Amino acid sequence: MGSSLSQHEKKRRKSLLNQNRKQQEETVSSSSTLTRSPLASSDSVVVDGRTYHGEASSVYWLPNDDEELDRLVGQHFAMKTLFGGNIPKEVHKHVDMEKGIKILDLGCGPRTWIMDMATEYPNSEFTGIDMSDVFPNNIRPANVTFQIANVLEPLPFEDDTFDFVNFSLFILALKKDQWIPVMKEVKRILKPGGLYHSREASMLLKGNSFVQWAGQVFTERLIEREQEPCIIDKVKELMKVAGFDVIYYKKLPTYPGRSDRLNREFLWDVKHVFKNCQPFLKEHVKVKDEEYDDFLDRFVQECQKKPELEWDFASTLGRKPVQSI
């Protein structure tokens with residue numbers, strides 16, 4: 001399932017967390033490498049003291065404040081450890097990142113994946129887009145640029161622009177009927193032979209009755225919001241419908257109730273998913289605002305009991321046909 005987080009990765013995570021907090025206090029200057037799509041919105045709204053995006057066309061659940069950005073940084077390094085890297089090794093059979101290619105990170109959030117990759121592949125050119133303005137002011141390394149844009153609108157790039165597109169954990173961001181149009185838009189901006197990398201999560205699997213109940217509440221809320229709780233098992237077929245050749249698929253389990261460091265990271269992550277989704281869940285788990293912390297504490301305790309909780313993640317790689325359909 002992957003080794004525990006290394007000391008190097010933990011130091012990088014701490015450094016990035018500190019950078020996120022500092023950069024959230026800064027104003028993006030006119031000299032920053034940042035452009036804005038005219039169709040995008042970075043306005044925010046405050047709900048129960050948490051800051052969320054104000055984009056009317058998006059159903060995304062999670063906030064865009066410091067606490068959520070910290071969760072995303074931690075999740076990045078946990079998933080990197082789980083899968084043994086930021087991208088499947090299969091990628092290197094098709095594109096040469098060492099020599100230099102053009103890479104797009106859709107929904108880049110606090111930019112952890114893109115900055116990690118840009119450091120590893122300095123000859124490649126990276127672009128990150130997100131609908132929320134959570135980008136760093138002082139951009140390092142120099143091979144990274146950011147744009148504010150919404151994946152539900154036509155992307156601000158010409159046909160056949162990128163060699164590789166990263167698109168991860170959109171389970172809470174898209175409705176069922178939005179997946180294929182978004183994938184087709186990704187296909188449009190990919191060069192023939194270009195790669196589309198997706199990572200998605202499952203719902204909570206197994207666990208005791210309390211964990212299964214909490215997981216079922218989450219699943220029902222997704223269905224009520226016309227979203228797809230089982231996207232992890234459907235992404236391959238959706239890629240094929242959108243015109244991609246699926247060349248790689250790997251699903252790995254995590255066990256957040258176990259005591260090793262990596263699974264503890266996933267326990268911390270799932271706790272904060274439930275915490276940060278409080279406005280969407282509190283009425284359905286039948287607790288008041290002042291009782292929600294108690295609910296979270298019990299949830300964490302129950303996750304560590306038998307039967308064992310399982311939470312799966314899948315990495316999928318699609319390839320745009322050289323002769324595009």
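This is a predicted model: local features need pLDDT of at least 70, side-chain atom pairs count only at pLDDT 80 or more; totals for chains, interfaces and linings use all residues.
Contact is taken here to mean heavy atoms within 4.5 Å of each other.

Serine 198 belongs to strand E8, which covers residues 190-206. With a relative accessibility of 0%, serine 198 counts as buried. Apart from neighbours within four places in sequence, serine 198 is in contact with Phe167, Ser168, Val235, Met239, Ala314, Ser315 and Thr316.

Helix H4 (residues 179-189) and helix H6 (residues 231-241) have axes that come within 10 Å and cross at roughly 50°. The two helices are therefore oblique to each other, and their crossing is right-handed. The buried residues of H4 are Trp179, Val182, Met183, Glu185, Val186, Lys187 and Ile189. The cover over these buried residues includes strand E4 (102-106), strand E7 (162-168), E8 and H6.

Aromatic pairs were examined next. A pair of aromatic rings is described by the distance of the centres and the angle of the planes. The count comes to 19 aromatic pairs. In one of them, the ring centres of tryptophan 61 and phenylalanine 218 lie 4.8 Å apart and the planes are at 15°; planes under 30 degrees apart count as stacked, so this pair is stacked. Tryptophan 61 is placed in the loop between strand E3 (50-53) and helix H2 (66-83), whereas phenylalanine 218 is in helix H5 (residues 209-224), so the pair ties together parts that are 157 residues apart in sequence. Tryptophan 61 is buried, its relative accessible area being 0%. Phenylalanine 218 also counts as buried, at 7% relative accessibility.

A second pair joins phenylalanine 157 and phenylalanine 162, whose ring centres are 5.0 Å apart and whose planes are at 85°; an angle over 60 degrees counts as edge-to-face, so the pair is edge-to-face. Both phenylalanine 157 and phenylalanine 162 are buried. One aromatic cluster is formed by Trp61, Phe210, Trp213, Phe218, Phe274, Phe280, Tyr292, Phe295 and Phe299; the stacked rings of tryptophan 61 and phenylalanine 218 are thus described together with this cluster.

Charged side chains also sit over aromatic rings. Lysine 102 lies over the face of phenylalanine 162, 5.8 Å from the ring centre. The charged end of lysine 236 is placed over the ring of tyrosine 249, at 4.3 Å from its centre.

Threonine 127 is located in strand E5 (residues 125-130) and, at 6% relative accessibility, counts as buried.

Aspartate 48 is found in the loop between strand E2 (44-47) and E3. With 46% relative accessibility, aspartate 48 counts as partly exposed. The C-alpha atoms of aspartate 48 and glutamine 278 are separated by 8.8 Å, although the two residues are 230 residues apart along the chain. Residues up to four places away in sequence being set aside, aspartate 48 touches Pro279, Lys282 and Asp289.

Several backbone features were also noted. A cis peptide bond, with omega of about -5°, joins lysine 306 and proline 307. Proline 307 is in the loop between helix H9 (292-303) and strand E10 (309-319).

Arginine 111, which is not a glycine, has a positive phi of about 65°. Arginine 111 is in the loop between E4 and helix H3 (112-120), and at 0% relative accessibility it counts as buried. Lysine 286, likewise a residue other than glycine, has a positive phi near 60°. Lysine 286 lies in the loop between helix H8 (278-281) and H9. Here the relative accessibility is 71%, and lysine 286 counts as exposed.

Terms used: Residues are numbered from 1 along each chain as its sequence is written. Side-chain values use heavy atoms; hydrogens and water are left out. Rings of Phe, Tyr and Trp (its six-membered ring) pair if their centres lie within 6.5 Å; planes under 30 degrees apart count as stacked, over 60 as edge-to-face and the rest as tilted. Helices (H or I, at least four residues) and strands (E, at least two) are DSSP runs, numbered from the N terminus. Buried means under 20% relative accessible area, exposed over 50%, partly exposed in between (1.4 Å probe, protein chains only). A charge sits over a ring if NZ of Lys or CZ of Arg is within 6 Å of the ring centre and within 35 degrees of the ring normal. Axes are lines fitted to C-alpha atoms, for helices over the stretch in contact, and angles run from 0 to 180 degrees between N-to-C directions. Angles under 35 degrees count as roughly parallel, over 145 as roughly antiparallel, 65 to 115 as roughly perpendicular and the rest as oblique. A crossing is left-handed if the near helix is turned anticlockwise from the far one by less than a right angle, and right-handed if clockwise.
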